[in-house]
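Subject: Structure handover and notes

Hello,

Please find the structure below. My notes come after it, so that you can check each one against the coordinates.

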6 protein chains.
Amino acid sequence: MKVIAVYPGTFDPITNGHLDIISRGVRLFDDIILAILRNPDKEPLFPLEERMEILSSVVARLPNVRVESFDGLLIDYARSRGARVIVRGLRALSDFEYEYQMALMNQRLGPDIDTFFMMPSEAYSYVSSRLVKEVARLGGDVTGLVPPEVEARLKRRLAVMGRA
Amino acid sequence: MKVIAVYPGTFDPITNGHLDIISRGVRLFDDIILAILRNPDKEPLFPLEERMEILSSVVARLPNVRVESFDGLLIDYARSRGARVIVRGLRALSDFEYEYQMALMNQRLGPDIDTFFMMPSEAYSYVSSRLVKEVARLGGDVTGLVPPEVEARLKRRLAVMGRA
Amino acid sequence: MKVIAVYPGTFDPITNGHLDIISRGVRLFDDIILAILRNPDKEPLFPLEERMEILSSVVARLPNVRVESFDGLLIDYARSRGARVIVRGLRALSDFEYEYQMALMNQRLGPDIDTFFMMPSEAYSYVSSRLVKEVARLGGDVTGLVPPEVEARLKRRLAVMGRA
Amino acid sequence: MKVIAVYPGTFDPITNGHLDIISRGVRLFDDIILAILRNPDKEPLFPLEERMEILSSVVARLPNVRVESFDGLLIDYARSRGARVIVRGLRALSDFEYEYQMALMNQRLGPDIDTFFMMPSEAYSYVSSRLVKEVARLGGDVTGLVPPEVEARLKRRLAVMGRA
Amino acid sequence: MKVIAVYPGTFDPITNGHLDIISRGVRLFDDIILAILRNPDKEPLFPLEERMEILSSVVARLPNVRVESFDGLLIDYARSRGARVIVRGLRALSDFEYEYQMALMNQRLGPDIDTFFMMPSEAYSYVSSRLVKEVARLGGDVTGLVPPEVEARLKRRLAVMGRA
Amino acid sequence: MKVIAVYPGTFDPITNGHLDIISRGVRLFDDIILAILRNPDKEPLFPLEERMEILSSVVARLPNVRVESFDGLLIDYARSRGARVIVRGLRALSDFEYEYQMALMNQRLGPDIDTFFMMPSEAYSYVSSRLVKEVARLGGDVTGLVPPEVEARLKRRLAVMGRA
């Protein structure tokens, strides 16, 4: 059977932890849509357009992955794409609580769509977009935590903002 | 692509929480193998043969689910069946820690096979085989927590053991 | 003995999880005071007056429940009302940590007043005011998660704010 | 209204953490029944009779507390006593998970009876019967962790067992 | 061997929980540097200069403790001081998750520097700078939770801000 | 100042996670004593003598590490050795709870001795003696999870027991 999966997130920026999840997802689902949440309330480091550009470039070699953005309810968006699966990474306890709450709510809003959790490799168990940005901002080396392209963009962006 | 998933467990006995995971899994995977761990060290309430019988009967109407038993490493067993996915239910924090540890170990032992977690409906968030047995043993009503067939068998088995 | 209990919260808005706690509290305490914290630092969705109005209407049929607002220390407020109990719902792990810290601090500030925790029915284990607002804001259906009156008010309020 | 509460446990032996919960409970409930679970599967340090004796002696000065033992379902026992409340102490995260599961199961088995949780003073946050026994067995001083009577009995009992 | 330890924090203000950690650290390390993070994004209650003044005064009697401030990466700062140890207090579960993530990241950024965790006495298990400020702001008594000097300064500062 | 640390454990068998903690401890403490708990109630895979032999061999190249065994209270043993520090690894949430309880109890039993926690590298975050034994027993490869010597001994021992 053909299964389309949505992997939603902010991806500000994408990390190697995200990539780890994606690279395993492509082995199991026919199509994966990386879906960036358009959230007018949050101030991302990278504007939506740049995040879409980065994602597209990073997953270019994966034929069954595409990049989109969405607003509104995730479950409505997933349904509109014919997706039957939402994929999420589970990294830590604090993730667990929040993800559990969201998964139960999404089960209620869309019982036809299932949330699947994957655990990133232990090498990325402490890697989050937030921490990567914090370390980069303070001049720390994030090689190996994000794709090389993201590393370069982080430097440029933080320089523009007068931080690095 | 064709994806075979293994859903391993003790299933002593199968609960409606397990069934909830299975009924969602059948929508996403081409085949699901319910794999009962043969563990000589544990004393189950139901012997292996009876658990296989119960499971087979409970999932009889699901064409792409079959029941097997295994010993040895789960990852070796999964590979021998051509499975690319291990499915696990995630119910609570204490589950999380253990499952996290096992998932990372299995990633190391078999990087080609992925562990996927699903969260059962909140209606089953507190239901475990252990708790069901404890309640049944003390004469409590477990209707709605296990398939009707299991309920009947629990009564019979506990009567045999002089407990109910 | 006569026991007065305070159930403090922001109630922005009240959910069926809150109601579940209240409906059990009324069986055990002679009086329950729903006490809305006046917090000038937070921007609620519903102004204090409207929250008091909603709460009063929702619990109108419960004779021994009344609605008030307070500022200052909860323990001082409780004492001023002759309350010997603070009631709190415990939903999840993240709740637990915070509630534990607050309960110990309140034990120290007012050793004569006890904090009692109740767990809402599993049907509401994932329901929080924050999540309800988020879903409503994105156009999702929150029927069954909040009292009908709150559902109607959520729609109106979000329309006024240009979000729904 | 008159409220009877059951505080169930193994009390093997009672600790000052238990006493802390009891001494707060007596301020709020008309009657508290300390209910020792008769569990034929567990090997307690103190036989049931001695635990009942200890408890009775320790709470002798509290007029509205009595000591009983029970087997079968807690919820059936509570109902048979006209109790509307089950009291439990919540000490730590691992407690939380188990207690949460039990509270939801008991809600299902007896929706007319509520489970209330209290957190012991931080002075007892690390005190459990198990840990007290372990320390006493190794010759450590448990003064202040258990009532004086229990301290004396621990020494005697462990001497009999050839451990202290 | 001579070991220098850095104990980083915001110390806004220092609590008796921090002091508990420091007083144990001085028994084990040759030098302890209390290092206040200069964080332009956060609005502290006490300005950096006052926090340095308070800390210096509070630890004046401890010959091998000194107070500094830093910005940039903690690991770079620690290295610049010849420190081989970062000391952190671990109080609760939510601390654990964050601290775990930071410790792993710091291990990667500076494998030559180790993070050591200490648990404060149970008397301070619920004491945080945030909670102390909240209680003081609402007029609650924080005696015993912070050094006397901090208590006095809290009153003055909150009076200036029109809160106490 | 000279600091002696005790690193207590069952070490049945020692893993690379333990070694990671030891190799960092030797940089900070003048002496580290690996102290194997003699616990007559537990049935280890390796007898005490073999565990002492393995540990001694594995840490032979570290001049300031020695191996001992003890029974009775850890704190009494530590004091008898002039140790001022107990070192423990913190790996996961479930560890945290137990370790927290033990650390507070040990603080009470021996306020002059401090417990220090270190987090093993993320590469070992899922590695425990128990899991290593389970995997080895089922024929799985544990290379990289334990020292080479332990790997060889595991095979031999399990062969003797008719399991591998």
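Predicted model: local features only at pLDDT ≥ 70, side-chain atom pairs only at ≥ 80, totals over all residues.

Residues are numbered from 1 along each chain as its sequence is written, chains are lettered from A and ligands numbered from 1 in the order in which they are written, and side-chain values use heavy atoms, with hydrogens and water left out.

Symmetry

Copies were superposed by least squares on the C-alpha atoms of residues with pLDDT of at least 70 in both. Chain A goes onto chain B by a rotation of 180° with 0.0 Å of shift along the axis, at an RMSD of 0.0 Å. These two copies are thus related as by a two-fold rotation axis. Within chain A, the residue closest to that axis is A:Phe117, with its C-alpha at 2.4 Å. Chain A goes onto chain E by a rotation of 120°, again with 0.0 Å of shift along the axis and an RMSD of 0.0 Å. That pair is thus related as by a three-fold rotation axis.

The interface of chain A and chain B

Contact here means heavy atoms within 4.5 Å. Chain A and chain B each bring 35 residues to the contact. Of the interface residues of chain A, 100% are also interface residues in chain B, so the copies meet through the same surface.

The size of an interface is often given as the accessible area lost when the parts come together. Between chain A and chain B the buried area (accessible area lost on being put together, 1.4 Å probe, summed over both) is about 3000 Å², and carbon and sulfur atoms give 61% of it.

There are four salt bridges between chain A and chain B, counted where a side-chain nitrogen of Lys or Arg is within 4 Å of a carboxyl oxygen of Asp or Glu. B:Arg27 and A:Asp114 form a salt bridge at 2.7 Å, N to O.

Which elements of chain A supply at least two residues each to the side that touches chain B? They are helix 4 (93-109) and strand 5 (114-118); helices (H or I, at least four residues) and strands (E, at least two) are DSSP runs numbered from the N terminus. Helix 4 gives the most, with eight residues. By class, this side of chain A has 20 nonpolar, five polar and ten charged residues. Nonpolar covers Ala, Val, Leu, Ile, Met, Phe, Trp, Tyr, Cys and Pro, charged covers Asp, Glu, Lys and Arg, and the others, Gly among them, are polar.

Pairs without contact

Chain A and chain D do not touch, and their nearest C-alpha atoms are 12 Å apart. Chain C and chain F have no contact either, with their closest C-alpha atoms 12 Å apart.

Backbone

Most residues other than glycine have a negative phi, and most peptide bonds are trans. The bond joining A:Asp12 and A:Pro13 is cis, with omega about 0°, and A:Pro13 sits in the loop between strand 1 (4-9) and helix 1 (16-25) of chain A. The bond from D:Asp12 to D:Pro13 is also cis, with omega near 0°.

A:Phe11 is in the loop between strand 1 and helix 1 of chain A and has a positive phi, near 50°. F:Phe11 has a positive phi of about 50° and is buried at 3%.

Regards

Note on methods: Buried area = accessible area lost by both parts, 1.4 Å probe. Buried < 20%, exposed > 50% of the residue type's maximum accessible area, 1.4 Å probe, protein only.
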